[in-house]
Structures are given as C-alpha cells and as structure tokens.
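Hello,

Please have a look at it first, and then read my notes below.

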Amino acid sequence: NKAAKIMGISFPKFTMDQCLQILSDVAGRKKTELFHVVTGNPEIVMSCQHDDELRGIIDRAGLITADGIGIVMISRMRGGDLPERVTGCDLLIKLLETGDREKWSFYFLGADEPTSLKAAEVIARKHPNVSIAGRHHGFFKEEEEAKIVEEINAAAPDFLIVALGAPYAERWIHKYRNSLNAKIAIGVGGSLDTIAG
Ligand code: UDP
C-alpha cells in the first residue's frame, strides 16, 4: 500500500472498509498512545504548505483519509489514484454503525450546544448500543480546556470525536495527545451538524 503524495502530504490508499478495519483493530486493543485520525481536506493540505507545525501534526497522525472528492481527483491527476473518498462524516456514521454492534463508547466534542445535544439524541435513537460517554459544545475558552480534558478522561471513551473544524481540531488533538484518555481521536468538521439535521 503505497501512499499518494498530495502537495507533500502522504495519503495512504485505503478504502472506507480498510479504514474501518484499522480503527476496529485499534478500538479492540488495550489503549496505548492516542491514535490520531486526520480527515484530510484541501484546506488542511493548503494550510500545511506554509505551516510546518501543522504539517508535523499531520505527518504524525496514525491515519489520514481523503476527506472529499477534491483530494481524490488531485491524486488521480497525479497518477496516485486514491481508491475513494473517506470523509469525516461518512467515517463517523460507519463507526457509529459498527460501534452499535461492538458497543464502543464515544465522546463528542464540538459544534454549538443545541447541535451537540440534538446530534447526541439522534445517535442515541439510531444506535442504541453505542455508549455516549459524554459531550461538550465547541465554543469554549482556553481556560475551560483542562476541565473538558478531565471530563473526557473520566469518561475514557474508545473514540473522541472532535468536531471543531479543520485545522482547529487537529491542533486541539495534538495539544492534548499525551494527556487524553481515549483510544482514538478524530477531527470530523461539521459532521455533528449533518447528523443533527
Ligand atoms: N466549531 C466549533 N467551535 C469553533 C468553531 C467551529 O465547535 O470554535 C464547529 C462548528 O459549529 C461546526 C464545525 O466546528 O460544527 C466546523 O464545521 P465545518 O464544516 O466548518 O468544518 P470543516 O469541515 O471545514 O473542517
């Protein structure tokens, strides 16, 4: 599995099913270090061009997926042929479906409070065996972050879903990667808005 390079960022050639398999494996293991999933969209790739710190964060991630048809098309023009797009929203929905069977737990960070609440209600209804370990809206001050991290850690979710928008989500996950008690953290953009409907 050679990666496709897009403006210096390596996108492994994984289908949605392969991404799900990788994350199922991580979720099924005992927690070691936080597994960071980046859903890589054109904005992230562009930001990396002039931001070495962000590039370092992306390079260190456990998995980077092609978030959108734009990335897949660029890869095809360059002969890198990524198999398909794996967007944050599609990935989250698939994880919730699998999580319903596997009884995974999720903590949802991000979106405004009504959206966060509504998304949690929709998820609880559609996926009754998913454990909603907690949730917090995404419009907090930096002084509140320690408390949020504490709350996440007390919940110890399998998945920390970070719906803060890119690249804020990626920076936030990176900032706390050594102090977060979750197996997997994923930046998913506006997915909670989509789920809330
Ligand atoms: N958001 C947030 N806190 C912020 C800024 C944004 O929680 O300080 C949320 C916003 O409510 C939305 C998501 O982050 O749910 C951003 O979605 P968008 O589609 O703009 O992100 P992208 O897909 O471009 O990463």
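Predicted model: local features only at pLDDT ≥ 70, side-chain atom pairs only at ≥ 80, totals over all residues.

Residue numbers start from 1 along each chain as its sequence is written.

An open, parallel sheet is formed by 6 strands in the order 4-3-8-7-5-6. Helices (H or I, at least four residues) and strands (E, at least two) are DSSP runs, numbered from the N terminus, and two strands pair if DSSP finds at least two bridges between them. Strand 4 (63-66) and strand 6 (131-136) are the edges: each has a single partner strand, so one side of each has no neighbour in the sheet. Strand 3 (residues 35-40) runs parallel to strand 4 and is joined to it by 4 bridges. If you want a spot to look at there, V38 stands opposite I64 in strand 4.

Next comes the ligand. There are 13 residues around the ligand, and G138, G165, A166, G189 and G190 come nearest; a residue is near if its C-beta atom, placed from the backbone, lies within 6 Å of the molecule or strand in question. One of these nearest residues, A166, is joined to P167 by a cis peptide bond, with omega about 0°. P167 sits in the loop between strand 7 (159-163) and helix 8 (168-175).

Two residues have a positive phi without being glycine. M7 has a phi of about 50° and lies in the loop between strand 1 (3-6) and strand 2 (9-12). A111 has a phi near 75° and belongs to the loop between strand 5 (105-110) and helix 6 (113-126).

Are these two buried or exposed? A residue is buried if 20 or more other C-beta atoms lie within 10 Å of its own, exposed if 12 or fewer, and partly exposed in between, with C-beta atoms placed from the backbone. M7 is exposed because it has 12 other C-beta atoms within 10 Å, whereas A111 is buried because it has 27.

Enjoy exploring!
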